[in-house]
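Open the model in your viewer and keep the selection panel at hand.

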Amino acid sequence: MAANYTRLKAAIAAASAAAVVWGWAYFDGSQTFAEPEGTAAAEPALPATTPAPATPASSAAAGSGAPVATATPTATPRAITQATPARRTRGS
Amino acid sequence: MNRERSTGAFAAFIGALVSTLMLKGADFGHAPWYISRSSGLVAYVLLTLSVVLGLLLSIRPARPLLPRALAFDLHQFISILTLSMVGVHVGILLFDTYLGFSPAEILVPFASDSEPLLNAIGVLAAWSLVAITASFWLRRRIGQRTWRRLHYVSFASWLLALVHGYAQGADTFVPFVNAIYVLSAAVVAGLLTYRIGSRSDSRAPVSNPPPQAGDGNRASRRLASRAASD
């Protein structure tokens with residue numbers, strides 16, 4: 001009886017922990033965050049097959065001395081579409 | 001043995017504190033937000049289970065079905081588990097870089113500038129749960145009567161948790177989450193109504209005895225002294 005009871009308590013604790021992990025995975029899979037205006041998400045995402053844009057920084061900047069914004073070649077579509085939501089837009 | 005346990009608990013607390021401070025600056029993406037939501041829901045379900053078990057313990061027809069000592073121990077265990085989940089629900093928000101809650105905002109009612117009332121309701125529910133759970137160990141010290149009265153706060157605590165979850169939760173209108181709220185509210189309301197009804201039925205003849213002259217009870221003495229003073 002006592003052993004069964006201990007098992008019941010262990011099962012409740014394990015089920016609770018499992019439910020938290022399941023909920024985490026569920027919300028992670030179903031979440032759509034609102035994108036704040038003016039972020040990179042407003043731009044169309046790059047297709048996966050598109051090569052990273054080359055940065056002609058060296059040629060464009062040569063001679064002018066003007067600072068040139070350099071694109072990050074490692075930026076992926078996932079990073080672009082998951083921009084930080086505004087504080088009050090969180091939730092769905 | 002107690003000293004070893006205290007030392008272990010203290011070491012665990014210090015370890016958790018140091019880890020928290022070390023990880024505070026790290027970026028976990030949306031994970032803390034998802035974990036907070038899921039642990040909040042699990043805490044609410046556990047709190048409902050604990051309230052239901054407590055109500056069943058006090059309802060006469062359910063008593064033969066539950067071995068009293070084991071059911072009481074299970075009720076206490078689920079309460080502690082609920083509090084642990086509330087700890088996760090609240091503590092993990094410290095790592096959420098988007099909402100950026102400070103310790104004061106998650107511990108002090110109305111300290112948060114984001115939905116202050118609903119957050120305050122959640123904070124109050126959590127603190128009342130801490131008080132009720134702590135009372136399990138203070139039962140002898142505070143007395144059975146005070147303990148019982150304090151235990152009635154658990155209904156208010158459950159209601160505050162329901163309002164906090166339903167009104168502020170981002171997942172209220174997910175069908176299964178909505179079903180959890182509706183079902184839990186129906187079960188607790190039903191059991192509570194039954195409990196109040198059965199209690200008033202069983203107490204009615206005892207609690208309102210007609211005061212009679214010469215009766216030695218407190219009510220009649222009070223009536224007699226009032227009549228004498230008039």
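Start with both chains shown as surfaces. Chain A and chain B bury about 2600 Å² between them, 68% of it on carbon and sulfur atoms. Buried area here is the accessible area (1.4 Å probe) that two parts lose on being put together, summed over both.

Before going on, note the ground rules. This is a predicted model, in which local features need pLDDT of at least 70, side-chain atom pairs count only at pLDDT 80 or more, and totals for chains, interfaces and linings use all residues. Residues are numbered from 1 along each chain as its sequence is written, chains are lettered from A and ligands numbered from 1 in the order in which they are written, and side-chain values use heavy atoms, with hydrogens and water left out.

**Stop 1: the two chains**

Colour by secondary structure. Helices (H or I, at least four residues) and strands (E, at least two) are DSSP runs, numbered from the N terminus. Chain A has three helices and zero strands. Chain B has nine helices and zero strands.

Now colour by burial. Buried means under 20% relative accessible area, exposed over 50%, and partly exposed in between (1.4 Å probe, protein chains only). Of the 92 residues in chain A, 13% are buried. In chain B, buried residues make up 37% of 230.

Contacts within chain B are worth a look too. Contact means heavy atoms within 4.5 Å. Take the contacts in chain B between residues at least 6 apart in sequence: 65% of them join residues at least 24 apart.

**Stop 2: the interface**

Select the residues where the chains meet. On chain A there are 25 residues in contact with 30 residues of chain B. Five residue pairs across the two chains are in polar contact, both residues being at pLDDT 80 or more. The side of chain A that touches chain B has 14 nonpolar, six polar and five charged residues. In this scheme Ala, Val, Leu, Ile, Met, Phe, Trp, Tyr, Cys and Pro count as nonpolar, Asp, Glu, Lys and Arg as charged, and the others, Gly among them, as polar. A polar contact is a pair of N or O atoms within 3.5 Å; within protein, one must be able to donate a hydrogen and the other to accept it, and residues adjacent in sequence count only if both atoms are side-chain atoms.

**Stop 3: the salt bridges**

How many salt bridges are there over all chains? The count comes to two. B:Asp73 lies in helix H3 of chain B and A:Lys9 in helix H1 of chain A, so this pair joins two chains. A salt bridge is a side-chain nitrogen of Lys or Arg within 4 Å of a carboxyl oxygen of Asp or Glu. Between B:Asp73 and A:Lys9, the closest N and O atoms are 3.0 Å apart. B:Asp73 is partly exposed, at 30% relative accessible area.

Next, select B:Asp171 and B:Arg37. Their closest N and O atoms are 2.5 Å apart, and they form a salt bridge. B:Asp171 sits in the loop between H7 and H8 of chain B and B:Arg37 in helix H2 of chain B, so the pair ties together parts that are 134 residues apart in sequence. Both B:Asp171 and B:Arg37 are buried.

**Stop 4: the core**

Select B:Leu46 and B:Trp158. Of the 43 residues in the largest nonpolar core, these two touch the most other members. Helix H1 (2-30) of chain A supplies at least two residues of this core, as do H2, H3, H5, H7 and H8 of chain B. H2(B) gives the most, with 13 residues. A nonpolar core is a set of buried Ala, Val, Leu, Ile, Met, Phe, Trp, Tyr and Cys residues joined through side-chain atoms within 4.5 Å.

Stay on B:Leu46. Beyond its neighbours within four places in sequence, B:Leu46 is in contact with A:Ile12, A:Ser16, B:Ile78, B:Leu81, B:Thr82 and B:Met85.

**Stop 5: two more residues**

Go to B:Ser157, in helix H7 of chain B. Buried or exposed? B:Ser157 is buried, with a relative accessible area of 1%. A polar atom of its side chain lies 3.3 Å from the backbone oxygen of B:Ala125. Not counting residues up to four places away in sequence, B:Ser157 touches B:Leu47, B:Ala125, B:Ser128, B:Leu129 and B:Ile132.

Finish at B:Leu192, in helix H8 of chain B. B:Leu192 is partly exposed, with a relative accessible area of 24%. Its contacts, leaving aside neighbours within four places in sequence, are B:Leu55 and B:Phe155.
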